[in-house]
Amino acid sequence: MGLTRDRVVAEAAAVADEVGLDRLALATVAKRLNVSLPGLYKHIDSLDGLRRDLAVLGVRELTAALGTAAVGRSGRDALFAVATAYREYAHRHPARSAASVRAPDPADAEHIAAGTAAVGVLAATLGDYGLAGEDLVHAIRSLRVLLHGFVALEAAGGFGLPASVDETFARLVDGLDAAFRRQ
């Protein structure tokens, strides 16, 4: 059948994006791949292990999307492009986006490397703000909190007031831009 771990992870990602990360079930993935549940275990070790794989996939895909968005841009334009790319990725891949915030196990070199690459893209995006050391760490954390919090609330239908959600998003990014310029 040509079943591989990568194929199982890709199918699990598609399933999770359809039904939600919290509703991901190995039986559903096995059924979609037309294999038995024991056959699935030849390629993964557990549901938690599969969720870890989805976290790594999400971080890698998100890093690629953010890096592409930032190319050729600087300052507020880069910040807004990266923020928009994050939001668009979360809309297209809600479960992968949610999985991407999972902290890596300290012994998981692959997951740590994916996270380090993501931090590198964010640090490069914020390069024109002159942030360094702890100020850069705090800025990256602030950006992650703002973006993930916004997309999580948006996905949950948490913005029921009539004003434009896009306008709110733009104002938040502008607020970060102003804060980063003051540091």
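1. The lining of the largest pocket draws at least two residues from each of helix H4 (47–70), helix H7 (109–125) and helix H8 (133–155), where helices are DSSP runs (H or I, at least four residues) numbered from the N terminus. H7 gives the largest share of this lining, 7 residues.

2. The model is predicted, so that local features need pLDDT of at least 70 and side-chain atom pairs count only at pLDDT 80 or more, while totals for chains, interfaces and linings use all residues. Residues are numbered from 1 along each chain as its sequence is written, and side-chain values use heavy atoms, with hydrogens and water left out.

3. A pocket here is an open set of points, on a 1 Å grid over the protein atoms alone, where a 1.4 Å probe fits, with protein on both sides within 12 Å along at least five of seven lines, and its lining residues have an atom within 4 Å of a point. The largest pocket holds about 450 Å³ of space, a volume being the space filled by probe spheres set on the points.

4. Of the 23 residues that line the largest pocket, Ser 100, Gly 115, Ala 118, Val 119 and Arg 144 lie nearest its centre. By class, the lining comprises 15 nonpolar, 5 polar and 3 charged residues, with Ala, Val, Leu, Ile, Met, Phe, Trp, Tyr, Cys and Pro counted as nonpolar, Asp, Glu, Lys and Arg as charged, and the others, Gly among them, as polar.

5. The second largest pocket, with a volume of about 210 Å³, is lined by 17 residues, and Pro 94, Ala 95, Ala 98, Val 151 and Ala 155 lie nearest its centre. H8 supplies the largest share of this lining, 5 residues.
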